[in-house]
Amino acid sequence: QWPQVESGGGAVQAGGSLRLSCAGSDTMSKINTMAWYRQALGKQRELVAGVGSGGTTNYADSVKGRFTISRDNAKKTVYLQMNSLKPEDTAVYYCYVNTGRLAYWGQGTQVAVSS
């Protein structure tokens, strides 16, 4: 199943950091938008951060200044550096890839931030 979260999920104390990575399939010759979404218990899935093919980024207000999204086009991989984590960041994080004609979702990875 692609894209796949390669690493980064886990448990961390408030104030800590985690780095998520997600790799697309080699069959994805063209990738437009890559993004990270998350879904907390009892809440709807929401956009955390996204990055376009040209490098334009956007972030949810709740993570601005703390999270950084980046991509490696050669590796077809998107990263999410999460710093100063808060308990409110606890959620299942999902990788998203849009090739311009199809959209794909990763398997999701649990991030748990304790206070």
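Trainee: How many residues lie between S4 and S5 in their hairpin?

Mentor: Strands are DSSP runs of E, at least two residues long, numbered from the N terminus. Here S4 and S5 form a hairpin with 6 residues between them, and Gly-42 in the turn has a positive phi of about 75°. The model is predicted: local features need pLDDT of at least 70, side-chain atom pairs pLDDT 80 or more, while totals for chains, interfaces and linings use all residues. Numbering runs from 1 along each chain as its sequence is written, and side-chain values use heavy atoms, without hydrogens and water.

Trainee: Which way do S4 and S5 run, and how many bridges join them?

Mentor: Two strands pair if DSSP finds at least two bridges between them. S4 and S5 run antiparallel, joined by 5 bridges. S4 is also antiparallel to S9, with 7 bridges. Met-34 has bridge partners Val-51 in S5 and Val-97 in S9.

Trainee: How many residues has the largest nonpolar core?

Mentor: Such a core joins buried Ala, Val, Leu, Ile, Met, Phe, Trp, Tyr and Cys residues through side-chain atoms within 4.5 Å; buried means under 20% relative accessible area (1.4 Å probe, protein chains only). The largest has 26 residues, and Trp-36, Val-48 and Tyr-93 are among those with the most contacts inside it. S4, S5 and S9 are among the elements giving it two or more residues, and S9 gives the largest share, 4 residues.

Trainee: What is Tyr-93 in contact with?

Mentor: Contact means heavy atoms within 4.5 Å. Leaving aside neighbours within four places in sequence, Tyr-93 touches residues including Trp-36, Val-48, Phe-67 and Leu-80.

Terms used
Buried < 20%, exposed > 50% of the residue type's maximum accessible area, 1.4 Å probe, protein only.
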